[in-house]
Amino acid sequence: MFGGTNKTISIVYNDFALSLLAVTKGELEQALTYQIPLEKGIVKNGMIEDEDAFFNTLKDVLKKKKIKRYDVRMVAPANSTVMKKINLPAHLTTIEQVEEYIEAEMNDSIRVPFSDPLYDIYDEDPSDGEALLFASEREEITKVVDLMDDLDLDLQIVDLKYLADLRIVEKVIPNFYSQTMLVLDWSMDQLLISIINNGKLELNREYTLRTDHEDWSEIISNEEVEFKLTQNKEAYEIQIHDALNEIDQIVHFYQYSLNKGTAEIQRVINIGDHPMLTEIDELIEGKVSLQTSRITDADINAYFPGFKAKHSTLLGLAIKGGHKE
């Protein structure tokens with residue numbers, strides 16, 4: 001969604017923290033990362049609730065780090081974004097024709113759960129008769145555009161967390177394009193579930209993990225935040241197990257309902273900034289018979305020196321459009 005330049009700042013936020021990665025000359029090796037915790041209520045369910053508080057928080061960060069007039073890249077809130085596979089008429093053979101067709105059919109033969117959507121099209125082969133449509137609620141994106149404008153920043157790219165993650169997974173996982181993979185992005189309050197078949201995104205789902213600020217302690221060190229679960233541990237662990245059951249159901253749906261037993265998940269990839277990701281990875285290994293991998297700090301550092309696994313989505317945003325690694 002939208003376009004971009006090479007003096008960029010990538011921004012990712014959820015209910016708990018605001019993270020950014022600033023690139024000044026298209027060189028990731030010289031990039032700046034920064035993370036700050038958000039007070040309860042500023043962002044709710046991934047969407048900006050208190051615009052003034054969000055504005056002031058980001059303004060203080062930009063002033064502190066002397067960031068001015070950057071093009072902004074961000075991810076759309078997953079719970080206000082839908083993916084839909086569109087069947088296309090046979091005579092469409094170029095991306096321009098596909099775009100014109102979808103624009104003409106939007107809210108007619110092509111329906112999404114938003115009256116005024118902001119949408120993007122992903123179509124590797126415009127002549128194959130299908131494309132992926134990603135649609136977001138325009139109100140939330142417009143809210144962010146206005147905030148960035150007030151901060152003298154230009155929102156140029158609105159991406160999807162699924163796609164930003166996949167740019168990183170394909171770099172660090174061998175044979176990415178020759179396997180059917182289940183990619184799980186874990187954060188403290190959300191799980192994003194993607195199924196990738198031979199490099200193509202075929203299914204995605206968002207699952208909410210209910211938790212509260214009071215359940216977590218935070219330590220700020222070296223301009224990053226580390227969270228630790230300190231209260232209601234048992235209730236939260238039950239939710240993790242419920243999420244694993246949801247994953248089982250989605251895998252079964254994909255393999256047997258969508259593909260009639262002809263497709264099979266071959267590998268599970270765990271990614272994300274969840275502070276308990278190691279423990280979650282071990283739980284999944286004990287539950288499934290599939291090969292399971294976790295994107296680690298070492299994996300990321302091998303391709304992006306100086307960065308950690310928790311920066312995966314930020315890096316996926318930053319390399320969209322070809323920043324140098």
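Asparagine 79 is partly exposed, at a relative accessible area of 35% (buried is under 20%, exposed over 50%, partly exposed in between, with a 1.4 Å probe and protein chains only). This is a predicted model, where local features need pLDDT of at least 70, side-chain atom pairs count only at pLDDT 80 or more, and totals for chains, interfaces and linings use all residues. Residues are numbered from 1 along each chain as its sequence is written, and side-chain values use heavy atoms, with hydrogens and water left out.

Asparagine 79 sits in the loop between strand 6 (71-75) and strand 7 (81-87); helices (H or I, at least four residues) and strands (E, at least two) are DSSP runs, numbered from the N terminus. Beyond its neighbours within four places in sequence, asparagine 79 touches Asn45, Met47, Gln190 and Glu206 (contact means heavy atoms within 4.5 Å).

Here are two polar contacts (N or O pairs within 3.5 Å; within protein, one atom must be able to donate a hydrogen and the other to accept it, and residues adjacent in sequence count only if both atoms are side-chain atoms):

| Atom one | Atom two | Distance |
|---|---|---|
| Asparagine 45, backbone oxygen | Asparagine 79, side-chain polar atom | 2.5 Å |
| Aspartate 50, side-chain oxygen | Aspartate 52, backbone nitrogen | 3.4 Å |
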